[in-house]
Structure formats: structure tokens, C-alpha cells
Amino acid sequence: MELHRAPSHEMIRGGRLNQVLCWPARVLICALAVLLFLGMSNPAQTALLGRASLAGTTVSGDGQDELIATEAGMTAAVDALDIAAGQLTAAGAELVAAGNSMTAAKNALKTGRDAMTVAGTAVDGTIGAEVAACDAAMNASVNAEVPADADAALANVEAVAALIQPVLEAKDALAAAPEDAAAADAVYAAVDLTQINMWDPSVFPESAQDLAYQVTADMAMALWYAPEKDGDPTWAENMIAAVDAGNAILTESRATAEAEVEQARAAAEAAAEKARADQEMARAMMEVCGTALPDVQAAMADADAALTAAEEAVNAATKANSAASKSSAGAEEKAAAEQALRDATAALSAAEQALKACAAKLRATEANSSIASADLKLGQPAMLRTWGGLLMAAVAAGLAGMVASLGNNRMRKIGLPVLAGGAVVAVVALLAINGVHGTIAQNVEKLREAYGLVAMPDALQANIATLALDIPDALWVCLVVAVLSALCAVGAWVTLPREVEDGLYIDWLTIFMRTSRVLIVITGMMVFFPGLNPGRISSLINENMSLFTVATSYGTLTNNMQYALTRGMVEPSLFYTLMGGAAICMLGIVLNAAGACMSLGNNRMKKKGLLLPLMGSMGIVTGLLVIFSTYNTLTDIAAQSATVYKNLQPMLPSGITFWAVSAVLVFVSTFVTWYLLPDELEEKMEMEEKYRNFLMFLPVLLLTFVFCYLPIWGWRFAFFDYKIGDQLLLYDVVENGAVAQQSNYVGLKWFTYLFENKANLDDLVRVLRNTLIMSGLGIATSWLPIAFAVMLAEVRSSKFQRIVQTLTTIPNFISWVLVYAIAFAIFSTDGFINAFLRNVMGMAGANTDYLASADWIWVKMLLWGTWKGLGWSAIVYIAGIAGIDQQLYEAARVDGANRFQCIRHITIPGLIPTYMVMLLMSVAGMLSNGMDQYLVFENAINKDVIEVLDLYVYNIGIKSGLIPLSTVVGVFKSLIGVTLLFGANGISKAIRGESII
């Protein structure tokens with residue numbers, strides 16, 4: 001394989017379908033690799049897409065140790081019972097073999113009984129150890145307390161409140177007597193005394209001095225600069241306002257401190273609740289481990305009773321046999337002795353069976369304990385490592401095939417099957433990983449069956465239920481991506497032409513050039529993403545700021561840093577340096593964009609243009625170094641004291657790594673592209689016409705995307721119970737086995753709520769009625785701009801035309817607020833019309849409020865809209881009239897046509913195509929007739945008949961806070977608008993044979 005640009009005559013490219021299938025296959029396999037590497041580096045965790053292993057969230061490490069200890073204790077107990085059973089069996093054999101050797105049997109029975117006692121002691125000791133461990137775990141948990149610094153902050157606020165209490169009392173006295181100069185002097189004196197006491201450690205705590213200085217300094221500054229004029233109420237009001245301003249700062253500080261205390265208390269309660277849940281879980285696990293203890297103890301009691309009965313029977317048999325041996329009575333005594341011996345043997349057998357039952361019970365307990373210690377781990381790390389490693393190998397093979405597919409057709413013949421094979425193996429590995437999750441769920445069910453976890457504590461039930469269902473969604477995403485990549489690769493391989501070249505070539509120049517362009521486009525888009533802002537060197541900087549905002553807005557950058565700036569903790573020059581670094585990065589991005597545009601030209605233009613991204617990449621790196629230096633400076637300043645650190649809160653921006661890596665990649669790909677360009681260059685720089693047209697259209701395309709298509713991303717709010725300030729969580733956030741944040745995903749709840757709730761449905765019908773009527777009136781009068789344009793075109797005086805067109809176009813640029821002000825000045829109760837009727841016409845009762853009335857409101861809105869937009873709407877028709885061939889008019893006049901006939905047969909037919917396009921757009925926008933006009937003219941009287949759909953969305957979304965419901969209405973409005981557009985377009989095509997789509 002030769003790593004140079006292949007000669008064009010040797011390259012046989014596939015057809016359009018092949019190209020369409022190749023690129024998705026390549027992009028999808030790269031996306032799969034990115035998704036996998038977003039996880040942790042461990043192959044098993046990477047296969048799980050970064051999710052934590054389930055073993056660590058099922059039971060704590062201590063609990064696993066306790067289960068292992070239980071298993072060991074049970075094993076020891078079973079071994080002891082096995083020994084006892086063996087000895088009892090030997091004793092029984094000896095008793096049967098030697099019926100007269102009762103002493104030996106008794107000793108064997110005693111040995112067996114002692115062994116079983118040892119076994120019972122082992123079991124009791126094990127369970128007792130478990131209970132003791134449980135109690136120790138519960139006693140070790142303590143309730144968290146509110147941090148001392150939160151209470152201290154609140155105490156400082158209260159200390160400052162007590163300090164300025166004399167100032168507030170003096171202010172109240174001044175408010176009661178604003179002309180009393182003594183009261184004003186008392187305010188001055190109280191403020192001075194407060195500032196003196198503030199710096200006296202014996203009077204006022206040192207920890208509250210900063211807050212006291214902030215409150216009293218602002219208060220004293222306002223007092224000192226107040227106009228000093230005795231007896232002037234305005235002066236007294238200024239003094240009172242100054243004291244209130246200082247007190248307002250204290251009030252805000254108190255609210256902040258109380259909120260911090262409440263937040264700390266809530267965190268403490270949450271920690272205590274979690275500790276209690278852990279205690280309950282630990283005790284539940286110990287209870288689970290000891291479920292077999294009552295059965296074991298009962299079996300041991302039965303065995304013990306059987307052994308006692310056997311011992312008594314053996315003693316009786318021994319005595320009877322001895323008496324029979326001494327007696328000469330003969331047959332009856334011997335028969336009784338033999339019966340006693342048989343009874344003793346039966347009792348011994350019963351004891352042996354009872355002991356075997358006890359051993360079986362303990363073996364079942366051991367099995368259950370083994371199930372618990374194995375199944376509760378649930379992770380199956382060996383299987384995950386195996387399938388995870390196979391998945392990573394498959395993705396690596398797919399990437400290798402992707403690189404090979406960038407070559408000529410012969411290389412594609414090799415690379416595409418490798419890509420498809422890697423994707424297929426990745427699918428198999430992902431399905432196997434999903435099977436591991438299924439096994440985890442089955443193990444949980446086996447655990448339930450083994451222990452009968454009916455009375456399990458709620459915390460433990462919730463934990464196990466979460467683990468059983470916690471299958472990563474990203475696994476399914478990767479599965480879909482892998483399947484699509486395999487299908488596209490197979491389709492691309494099938495559609496490759498049969499003719500292949502002799503050699504293997506890869507067009508490295510094209511590859512690196514396209515890579516450079518893609519990277520430049522991505523970095524250009526990331527400039528506006530706050531999550532990748534490298535300039536957020538402090539957590540106090542607004543998290544919604546992007547790199548572009550950092551480089552252009554000093555006020556927004558330092559909005560939350562004013563306290564540190566005014567107290568001299570940090571110099572403003574630091575933030576100017578930060579803005580300079582961001583500006584250098586922005587300059588580098590602009591150079592990258594310019595170079596990418598020039599790379600669309602011929603080789604000479606590419607050679608010159610590629611120098612710009614090289615300089616731009618170095619500029620981005622330079623700007624990042626400046627930003628990093630400001631971060632180091634801020635960190636050094638914050639290290640001086642805890643107070644300074646609290647007011648600066650430095651943080652290393654997460655986006656700085658992304659920008660550094662992207663800049664290096666752009667530099668490398670651009671340099672390789674520049675190096676691979678041929679040395680033979682054209683005489684002058686040129687660019688193909690299609691690329692020039694594309695670059696001219698690109699700004700419009702970007703603006704359309706930003707303002708028309710990007711807002712569609714907001715439709716996701718329709719599927720969540722969202723309130724302003726919340727996060728959109730598709731699934732519960734689980735931390736340490738507990739749900740930290742609940743999901744607010746509700747699916748189609750708000751879609752059904754819109755139609756199931758009668759009040760909402762009635763409102764929707766009402767606003768749809770208003771919207772359709774007002775839009776219908778607008779469509780019915782859409783011929784007015786044509787008529788106005790025709791009449792204006794027929795005016796012979798060009799000066800008069802310009803004056804009329806200017807006067808009728810200007811209202812379009814007047815905001816609806818000013819239009820309402822004009823309407824209010826004319827039609828309100830005290831407006832021009834009523835004043836004229838009262839003062840000139842002598843109608844004393846003329847006080848009608850025409851604006852508040854709901855009568856003829858639709859016609860009123862139509863008239864206001866016509867007045868405001870008639871001239872502007874006529875511009876397109878005036879331009880259309882100017883574009884009509886003037887020879888048609890001359891020919892018509894020669895044929896004897898008058899002015900009206902020319903209008904009818906030439907002007908109007910020439911404007912019909914333009915009118916139809918405008919009409920189609922109006923029909924498509926019937927539900928989007930704006931809200932500005934109706935918002936300013938709306939009042940309580942006419943609200944029911946003036947509220948249109950856009951205004952309704954604003955009212956329920958912004959005023960009422962029902963963001964999801966307003967989003968649902970907006971979704972339906974957009975879908976209906978698109979339907980109306982295609983419907984009107986179809987009707988136009990059927991009737992006129994022409995359409996705009």
C-alpha cells in the first residue's frame with residue numbers, strides 16, 4: 001500500500017449509492033468507538049459503558065465479609081455434625097454387632113452427643129457473631145449534624161443585626177420626625193458608634209467583621225454623601241433610604257445564611273436517613289443469613305431428645321439383661337431383656353436419623369449461604385471482562401476496516417467486510433453483555449426464592465429492584481449504532497463496482513483535508529457551548545457562559561466576582577487577561593474557519609489557505625496557555641486564606657482539555673494536508689462556482705439552523721415534569737444504593753392532559769377559534785397589498801409615489817408598544833376622540849373606552865395590522881410590477897387597451913405567481929399569527945376574544961409556569977402548520993400545476 005495520492009485515472013470510485021452507504025458506516029463505527037471510550041478504561045466497565053459494577057451497589061464490603069464468615073461457620077457446623085453422625089453410625093453398628101456390649105454403645109452414644117453439642121455450639125456461635133456484627137454496625141452509625149461553619153455564618157448575621165439595631169432605632173425615630181435635626185444627628189452618631197464597635201474584638205466577634213463592614217460601609221457612605229440640609233424632609237428620606245439599603249444587605253445575608261443552614265440540615269437528614277437505611281439493610285442481611293437457625297435448632301433438639309431416649313433405653317436394657325442373667329426364671333425375663341435391647345436399638349436408630357436430619361438442615365443452610373455470597377455479588381466480572389475485551393477487539397477491527405475503506409475500490413473490497421465483521425461481532429458482544437444483565441436479574445430472583453424475602457425492608461427491596469432493572473441505556477444505543485454500521489457496510493460492499501484497480505491506494509490528501517475541515521467545523525460550533533468553556537476558571541463564573549461570551553463581555557464574566565473585586569482580593573487585570581486569552585482563542589478559530597473556506601479552492605489557494613489553520617491552532621494553544629496562567633494565578637491568590645478561597649473558588653475548566661486536543665489535531669491534520677499538496681501549483685488562486693455559491697449561502701444556512709431548527713431541541717420539555725431551574729432526568733440518579741434524584745420523565749402525560757382536561761380543551765378550542773378567525777380575515781384581505789401596489793404603480797408622479805411608499809412603509813418599523821401608545825392617545829377614555837366629543841361637540845358623557853371594549857375586536861386588530869403592514873407587504877408586489885416586461889404594455893396600448901385593461905390582463909396575471917407563493921406561506925402560518933399585537937391590546941374584558949394561540953402559549957408557559965404544556969401546544973402548532981403547508985402546496989399543484997415545494 002502506497003501512502004500517496006493515487007493517480008486519478010487509476011481511481012475507480014463507486015456509484016452514488018455506494019458513497020451514501022460508505023460514509024454512514026464509517027461514521028457509525030467511529031461513534032461506537034467514542035461511546036465505548038467514554039466509559040472507564042477497564043474493559044468490563046468499558047463494555048458496561050462507564051456504569052459502575054453492580055457488585056459494589058448490592059451489599060457493602062462488610063456485609064460480604066459477614067456472609068463469608070457465616071458460610072465458614074456453617075461449614076464448620078456441618079463438618080462437626082458429619083463427625084457426630086459417623087460416630088453414631090459406628091456406635092449403632094457396635095450395638096447391633098455386639099448386643100451385649102451395652103457399655104461400649106453407651107460410650108459411643110455419649111461421644112456422638114458430645115460431638116453434636118460441639119456442632120450446635122458452632123452454629124450458635126456463628127449466628128451470634130452475625131447478630132453481634134449487625135448490632136455493632138447499627139451502633140457505629142451516628143446522626144450527622146449541621147456543619148459548624150453554617151451555624152457560624154448565621155450567628156455572624158445575627159451579631160451584625162444586633163450591632164446595627166441602634167442605627168435602625170435611630171432611623172425609626174427620624175422617620176417619625178423627619179424635620180428633627182437631633183434625630184438626624186442620632187442616626188449619624190449611631191452609625192459612627194457601630195463602626196467603632198465593629199473593630200473592637202471585646203465587643204464584636206472578629207469572624208463577622210467582613211459582613212458588618214459591608215453593611216455599615218455602604219450605609220455610612222450613603223449618609224456622608226446625602227444632602228446636608230437641616231429640616232429638609234427629602235434629606236431625611238435619603239438618610240432613611242441609606243439605612244434601609246444597609247439593612248437590606250443584612251436581610252439578604254440572613255436569607256442566604258438561613259438557606260445554607262437549611263441546606264446543611266437537609267443534607268444531614270439525608271445522611272442520617274441513608275445511615276438508617278444501611279443499618280436496616282445490614283440487620284436484614286443478618287436475618288436472612290439466620291433464617292435456617294430455628295430449623296437447625298429444632299432438628300438438634302429432636303436429635304438430643306432421641307439420644308436421651310436411646311440412652312435411657314440402653315440403661316433399661318442393660319439392667320434387664322443383668323437381672324435376666326442373675327435370675328433363673330428363664331424365658332420371660334430373657335424375653336423382656338431382648339425386647340428392651342430391641343427398643344434400645346430402635347431408639348439409637350431414631351437418634352441417628354434425627355442427627356442426619358439436623359445435618360441436612362445445616363447443609364441446606366450452607367447451600368443458601370453459598371447462594372447468598374455468590375449471587376449477591378451479581379457482577380460476574382469474568383464474563384464481563386471476556387465480552388468487554390471481545391467488544392473492544394471488534395471495534396478495533398472495525399476501525400481498521402474503516403481506514404481501509406477510505407482507499408480505492410480494491411482496498412474497499414477488503415476494508416468493508418472487515419468493518420462489517422467488526423460491527424457484527426460488536427453486536428454479538430453487546431447482546432452477550434445484555435445477557436449478563438439478564439443473569440443478574442435471575443440471580444436476584446433466585447435469592448428471593450432461596451430466602452423467601454417477603455418481609456424484606458423497603459430500603460433493601462428498592463436496592464435490589466434497582467439493581468435488577470439497571471441495564472444501561474447506552475448499551476442499547478451502542479447496539480443500534482453497531483447494527484446500523486454493519487448494515488451500511490454490507491450495503492456499501494454489495495454496491496461496489498466489480499472493476500477494481502491493480503494496486504492498493506489511499507487518498508491521504510483528501511482524508512486529512514476533510515478531517516481538518518470537520519475538526520474546524522466542530523471547534524467552531526463548540527465556541528457557543530457553555531459546557532466546553534475553557535475560560536470558566538472559577539465556579540462563581542456563570543456556568544451558562546461560553547468561550548465567545550468570555551471574550552466579549554467583562555460584566556457577565558465578573559458578575560459574581562464583584563465582592564472579591566471591591567475588597568481587593570483580586571485585581572481586575574486578571575479578568576482582562578482571561579478575556580485576552582479567550583479573544584486569542586477566538587482569533588485562532590476565525591483563522592481556522594478562513595483557512596477551511598480557502599481549502600475549497602485550487603491547489604494554490606489551498607497552499608495559501610492552509611497556513612491560516614496552522615497559525616490559528618497555535619493561536620488557540622497560546623490563548624489556552626494564557627487562560628491556564630490566569631487559573632494558576634487565581635489559585636495562588638485563593639490559597640492565602642479560607643475566606644479568600646470562598647470568594648474566588650478557583651476551578652480548572654473542564655473544556656480546556658478538549659480545546660487543547662482539538663487544536664493539536666487541527667494542526668497535525670492541516671500540516672499533513674499542506675505537506676501532501678503537490679508542488680505544481682496553478683498560476684492564480686481560483687475556486688469552483690459551486691463552492692463560491694455555498695460559502696455565500698453558508699451564513700444564511702447557519703442563521704436558519706440556529707433560529708429555526710435548533711429550537712426544535714426544546715421539544716423535549718414536553719416529555720418531562722419540568723419546572724424552571726430543574727434538570728431533565730430520563731432515569732433516577734442512584735448514589736450509594738439510594739435514589740439521589742428522581743426522574744421527571746413522564747412520557748406522553750402532557751399530551752393526554754391537554755385533551756383530557758376539559759378546562760384546557762375549552763381554552764384550546766377558544767384560542768384556536770380566535771387564531772383561525774384572525775388569520776382567515778388576514779388571508780381574506782391579502783389582496784389589499786396587490787391593489788395598493790397596482791394603484792401606486794399607476795401614479796404618474798414618481799415623487800408622490802416615493803412619499804406615499806415611505807409613509808406607508810414606516811409603520812412596519814414601529815413596535816406594537818408604540819402603536820398601542822398611539823391608539824391609547826386616540827381611543828382611551830381621556831383620548832383625542834372622547835376629548836373632542838366632550839370639549840368641541842359638547843357631549844359631556846363621552847367617556848367610552850374603545851380599547852377596553854371587546855366589540856368588533858377582530859376587525860379592530862385587522863385594521864391595526866393592515867395599517868401597520870400594508871406598505872411593507874406591497875413592496876414585493878411593487879418589485880413584481882417592475883419586473884414585468886414593459887413591451888407587453890406597449891403592445892397592449894398599440895392594440896387599443898386602456899389602463900384598466902392593462903391592469904387586468906397584464907399586471908394582475910404577472911403578480912399571480914407571487915401572490916400564490918405568499919398565499920401558501922400565509923396558509924402554512926395560519927396558527928402563527930404572532931403575539932406582540934395581541935399582547936399589548938389584551939385586557940381583562942377582551943381576553944376571551946383576543947387571545948390567539950401564540951399568546952396562549954406565552955401565558956401558560958411564562959406566566960403560569962407550565963412549560964411542558966406550552967411546549968406540547970407549540971409542537972401541535974408546528975405539526976399542523978407543516979400539514980397545512982403541504983396541503984396548500986398540493987392543492988396549488990393540482991389546480992395551477994405549480995408549487996413551491
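Me: Which helix is Val917 found in?

Reply: Val917 sits in helix H35, residues 899–924. Helices here are DSSP runs of H or I with at least four residues, strands are runs of E with at least two, and both are numbered from the N terminus. This is a predicted model, where local features need pLDDT of at least 70, side-chain atom pairs count only at pLDDT 80 or more, and totals for chains, interfaces and linings use all residues. Residues are numbered from 1 along each chain as its sequence is written, and side-chain values use heavy atoms, with hydrogens and water left out.

Me: Is Val917 buried, exposed or partly exposed?

Reply: Val917 is partly exposed, with a relative accessible area of 34%. Buried means under 20% relative accessible area, exposed means over 50%, and partly exposed is in between (1.4 Å probe, protein chains only).

Me: How far apart are Val917 and Ser988?

Reply: In sequence, 71 residues. In space, 9.5 Å from C-alpha to C-alpha.

Me: Zoom out. How many helices and strands does the protein chain have?

Reply: The protein chain has 39 helices and two strands. Of its 997 residues, 39% count as buried.

Me: What share of the contacts is between residues 24 or more positions apart?

Reply: 75% of the contacts in the protein chain with a separation of 6 or more. Contact means heavy atoms within 4.5 Å.

Me: Helix packing now. At what angle do H23 and H25 cross?

Reply: Roughly 160 degrees, and the axes come within 9 Å. H23 covers residues 611–638 and H25 covers 655–676. That makes H23 roughly antiparallel to H25. Angles under 35 degrees count as roughly parallel, over 145 as roughly antiparallel, 65 to 115 as roughly perpendicular, and the rest as oblique. Axes are lines fitted to C-alpha atoms, for helices over the stretch in contact, and angles run from 0 to 180 degrees between N-to-C directions.

Me: Which residues make the contact?

Reply: From H23, they include Leu611, Leu614, Ile620, Leu624 and Phe628. From H25, they include Trp659, Val666, Phe667, Phe671 and Trp674. By class, the contact of H23 with H25 has 16 nonpolar, two polar and no charged residues. Ala, Val, Leu, Ile, Met, Phe, Trp, Tyr, Cys and Pro count as nonpolar, Asp, Glu, Lys and Arg as charged, and the others, Gly among them, as polar.

Me: What about H7 and H8? How do their axes cross?

Reply: At roughly 170 degrees, with the axes coming within 8 Å. H7 and H8 are therefore roughly antiparallel to each other. The H7 side of the contact includes Pro166, Ala170, Lys171 and Leu174, and the H8 side includes Ala183, Val187, Val191 and Thr194. The contact divides into eleven nonpolar residues, one polar and one charged.

Me: And what angle do H30 and H33 pack at?

Reply: About 130 degrees, with the axes 8 Å apart. That makes H30 oblique to H33. Gln805, Thr808 and Thr809 of H30 meet Gly871, Trp872, Ile875 and Ile878 of H33. That contact has three nonpolar, four polar and no charged residues.

Me: On to loops. Where does Ser405 lie?

Reply: In the loop between H13 (381–404) and H14 (409–451). Ser405 counts as buried, at 0% relative accessibility. Not counting residues up to four places away in sequence, Ser405 touches Arg26, Arg412, Gly415, Leu416 and Leu419.

Me: Is Pro530 buried, exposed or partly exposed?

Reply: Pro530 counts as partly exposed, at 29%. Pro530 lies in the loop between H17 (508–526) and H18 (547–552). Leaving aside neighbours within four places in sequence, Pro530 contacts Glu543, Asn544, Met545 and Ser546.

Me: Last topic, backbone. What is phi of Gln649?

Reply: Near 50 degrees, a positive value in a residue other than glycine. Most residues other than glycine have a negative phi. Gln649 is in the loop between H24 (642–648) and H25, and counts as partly exposed at 27%.

Me: And where is Trp856 found?

Reply: In the loop between H32 (832–839) and H33. Trp856 has a positive phi of about 55 degrees although it is not a glycine. At 68% relative accessibility, Trp856 counts as exposed.
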